[in-house]
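Here is a brief report on two elements of one protein model. Have the sequence and coordinates open while reading.

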Amino acid sequence: MPTSKTSPYDVIIIGAGVNGCCSAYTLAQAGLNVALIDQDGIASGGSGAAGAFISPKISKAGELKEIMSEAHAEALAFYTTHFPQFTLVKPLLHIANSPKEGEKVESFKHETHLKHFAIPHKIQALLSAEALNASSIYFDVGAVVDAQGVCNAMAEGIDFYLLKIKELIHNEGVWQIGALQAKHLVLTIGAYPKLLPIDYVGLRGIWGHRIDIETSMHIPCILHHHVSISPTTKGATVAIGATHDVHYSPFSGEPYDVEQGRTILIEKASHTLRLNNINIIKDYMGLRSGSNDYLPMLGNLVDAEATLKKFPHIRHGENIDPSEYLYYPNVTMINGSGGYGFVLAPYLAKRLGEWLVERKELNPILSPSRFFPRWAKRQS
Ligand SMILES: Cc1cc2nc3c(=O)[nH]c(=O)nc-3n(C[C@H](O)[C@H](O)[C@H](O)COP(=O)(O)OP(=O)(O)OC[C@H]3O[C@@H](n4cnc5c(N)ncnc54)[C@H](O)[C@@H]3O)c2cc1C
């Protein structure tokens with residue numbers, strides 16, 4: 001751990017998941033002096049559990065689709081160019097897991113600029129009747145990254161501090177975080193308890209469990225269906241994941257039933273193909289942090305108390321332009337990526353860098369302040 005003599009930093013980043021590590025990498029590449037902090041180590045939260053597929057989001061036309069499609073292209077280029085040793089490029093077959101999803105797949109096929117093809121015979125031969133009969137889309141290029149490997153590689157050379165942050169102090173234009181100081185603070189703490197009173201930020205923790213297995217079956221491509229089944233960067237190891245559990249929280253103190261999670265994963269995988277001689281090698285579990293409107297968040301944080309004091313009638317629906325809200329000074333948050341944190345991280349980190357270095361405006365659609373007016377109305 002470096003001593004704090006290198007302080008003050010240009011930027012302190014709290015949270016060393018994929019968003020924190022990718023931001024640290026991008027800002028350091030842009031010449032900023034960065035400190036990265038985590039209470040449990042690099043990729044110890046949701047990021048360390050991720051299957052980390054760099055897959056397109058199958059969604060209908062709209063803002064979310066535009067952002068996800070740009071992010072997907074940037075992520076493929078980012079990981080294959082800068083971290084090829086942690087990136088496995090393989091064809092990708094996305095199979096709808098319900099008739100409703102089938103409709104999305106069919107409209108995506110018509111709208112996407114991504115090249116897609118008929119499923120090769122050797123892959124068809126592996127699939128169950130359910131998988132063969134569902135709507136699907138096959139791309140000859142998909143990717144999966146080694147989540148922990150790539151986060152550690154991005155954080156290499158960055159000053160890292162193993163610290164649990166309890167309070168954020170801002171004094172005379174400087175953020176004081178323990179013994180460290182910086183003008184700018186970046187919060188990338190995922191689904192963990194918030195460090196500022198920002199109750200308006202709508203986030204949900206979605207628990208996920210995935211497993212690495214050995215099997216006698218060769219998996220030639222990345223398969224997304226009820227769960228994902230995929231080759232990995234780790235030789236013959238196959239990954240199966242992940243569950244989506246909105247009810248379980250590790251912060252509840254309740255124990256998590258690992259055996260039940262494994263059973264669910266293997267049962268779901270059996271809808272896609274028959275896996276022979278399964279031996280479970282490792283379990284990975286963590287929380288995704290999803291926003292209420294499915295868009296990620298990148299932006300400054302409204303000081304709710306000060307803003308409500310200045311504009312008390314927001315509570316009664318008065319329409320105030322977000323540029324007039326009062327914001328915490330020099331704090332930017334990245335969060336809310338849901339199940340697409342690895343797809344979105346390079347896109348969000350790039351825009352964070354452009355904002356901090358070139359003062360290029362952030363996209364207001366991604367601002368966490370979008371949740372403020374509705375929350376404020378409920379405070380009356
Ligand atoms: C099972 C599973 C499978 C997934 N599969 C994919 C996938 O295939 N593709 C994809 O793109 N995404 C996937 N995701 C989603 C992706 O992992 C998340 O979107 C991403 O990890 C979010 O990263 P983050 O950096 O925002 O948060 P996290 O990785 O959760 O990091 C937050 C960090 O902040 C630290 N922290 C919190 N509070 C404090 C504090 N007070 N002081 C110090 N440190 C603190 C925590 O220790 C943690 O390390 C998956 C997630 C899960 C759980």
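Predicted model: local features only at pLDDT ≥ 70, side-chain atom pairs only at ≥ 80, totals over all residues.

Residues are numbered from 1 along each chain as its sequence is written, and side-chain values use heavy atoms, with hydrogens and water left out.

**Strand S9**

Helices (H or I, at least four residues) and strands (E, at least two) are DSSP runs, numbered from the N terminus. Buried means under 20% relative accessible area (1.4 Å probe, protein chains only). Strand S9 spans residues 180–187; 6 of its 8 residues are buried, so S9 is largely enclosed by the rest of the structure. Its pairings follow; two strands pair if DSSP finds at least two bridges between them.

| Partner of S9 | Sense | Bridges |
|---|---|---|
| S1 (residues 9–14) | parallel | 5 bridges |
| S8 (residues 174–177) | antiparallel | 3 bridges |
| S16 (residues 327–335) | parallel | 3 bridges |

Ile13 has Val186 of S9 as its bridge partner. Gln176 is bridged to Gln181 in S9. Leu185 lies opposite Val331 of S16. S8 and S9 make a hairpin with 2 residues between them, and Gly178 in the turn has a positive phi of about 60°.

**Helix H7**

Helix H7 covers residues 147–155; 7 of its 9 residues are buried, so H7 is largely enclosed by the rest of the structure. Among the buried residues are Val150, Cys151 and Met154. At the start of H7, a side-chain oxygen of Asp146 comes to within 3.3 Å of the backbone nitrogen of Gln148. Gly157 follows H7, with a positive phi near 85°.

Definitions and conventions: Buried < 20%, exposed > 50% of the residue type's maximum accessible area, 1.4 Å probe, protein only. Polar contact = N/O pair within 3.5 Å; in protein donor to acceptor, adjacent residues only side chain to side chain.
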